[in-house]
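Open the structure in your viewer and keep the selection panel at hand. This tour tells you what to select next.

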Amino acid sequence: MSPSTVPSGPGAAGQPGATPVGRVARPSAEPSATVLVVEDEPTIATAIAQRLVAEGWRVEVARDGLTGVDAALRLRPDAIVLDVMLPGIDGLEVTRRIQAEHPTPILMLTARDDETDMIIGLGVGADDYMTKPFSMRELVARLKALMRRVDRAAQAATTPVAQPPLEIGDVTIDVAQRRVYRGGEEIHLTPTEFELLVMLASSPRTVLTREKLLAEVWDWADASGTRTVDSHIKALRRKLGADLIRTVHGVGYAFEPVS
């Protein structure tokens, strides 16, 4: 199955003015980023792509997992919107294959409100997730914030700031090189996980609210997204150990280094 083209203007699919099959939809102005949408439900895929094109992005759609992997490796997109439930191979396997070949920011979509699936998705390399149904406004905001985080990581890699590593207990956070070690062993974190950890570790033993973390790390101030914070904290605990981050019920989280 080949990637599908999404209409970018008044002509919806199958109507006069629709973009011909085989071409990538794009707005009239030069796009600022390329986004791959991997979604097998045509209505959802079209709605997402039309909104992203309206934002000025170049968009391509794949309708199954294997096609999504091929498209990601061919396009090298700036970000991927990826459904978990796909024909062929699921979104988790798609994520594993893409990240093994060329790390790419991934916003995962899931129809099930199951935190286990979300944490597994974050664990295999997704940077963020949203549960269906979702707001297109929030989807765009999350994608923009994700791209900003990736841009900051790329900037830091090319022009590292002369900043000494954070040494907290047995955890070392090299902010300049964006590397994290515990007990001398390097821990791979996504750009989102890294920024969340730095935010917490910069104020050890200080409780930071979910709302503050959401606003500072995700650039998203809507309290409805605080569950995203919870899932990322659980993903961090899986990678770094459950003893480093303390939950303050009803409030937020605190970084508690081991003495």
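Which residues in helix 6 meet helix 8? Thr192, Glu193, Leu196, Leu197 and Leu200 in helix 6 meet His232, Ile233, Ala235, Leu236, Lys239 and Leu240 in helix 8. Contact means heavy atoms within 4.5 Å. This contact holds 7 nonpolar, 2 polar and 2 charged residues (Ala, Val, Leu, Ile, Met, Phe, Trp, Tyr, Cys and Pro count as nonpolar; Asp, Glu, Lys and Arg as charged; the others, Gly among them, as polar).

A note on the model: it is predicted, local features need pLDDT of at least 70, side-chain atom pairs count only at pLDDT 80 or more, and totals for chains, interfaces and linings use all residues. Residues are numbered from 1 along each chain as its sequence is written, and side-chain values use heavy atoms, with hydrogens and water left out.

Now select residues 191–201 (helix 6) and 226–240 (helix 8). Their axes come within 10 Å and cross at roughly 90°. Helix 6 and helix 8 are therefore roughly perpendicular (65 to 115 degrees). Axes are lines fitted to C-alpha atoms, for helices over the stretch in contact, and angles run from 0 to 180 degrees between N-to-C directions. Helices (H or I, at least four residues) and strands (E, at least two) are DSSP runs, numbered from the N terminus.

Select strand 4 (residues 106–110): strand 4 pairs with strand 5 over 4 bridges. Met108 stands opposite Tyr129 in strand 5.

Notes:
Parallel < 35°, antiparallel > 145°, perpendicular 65-115°, else oblique. Pairing = 2+ DSSP bridges.
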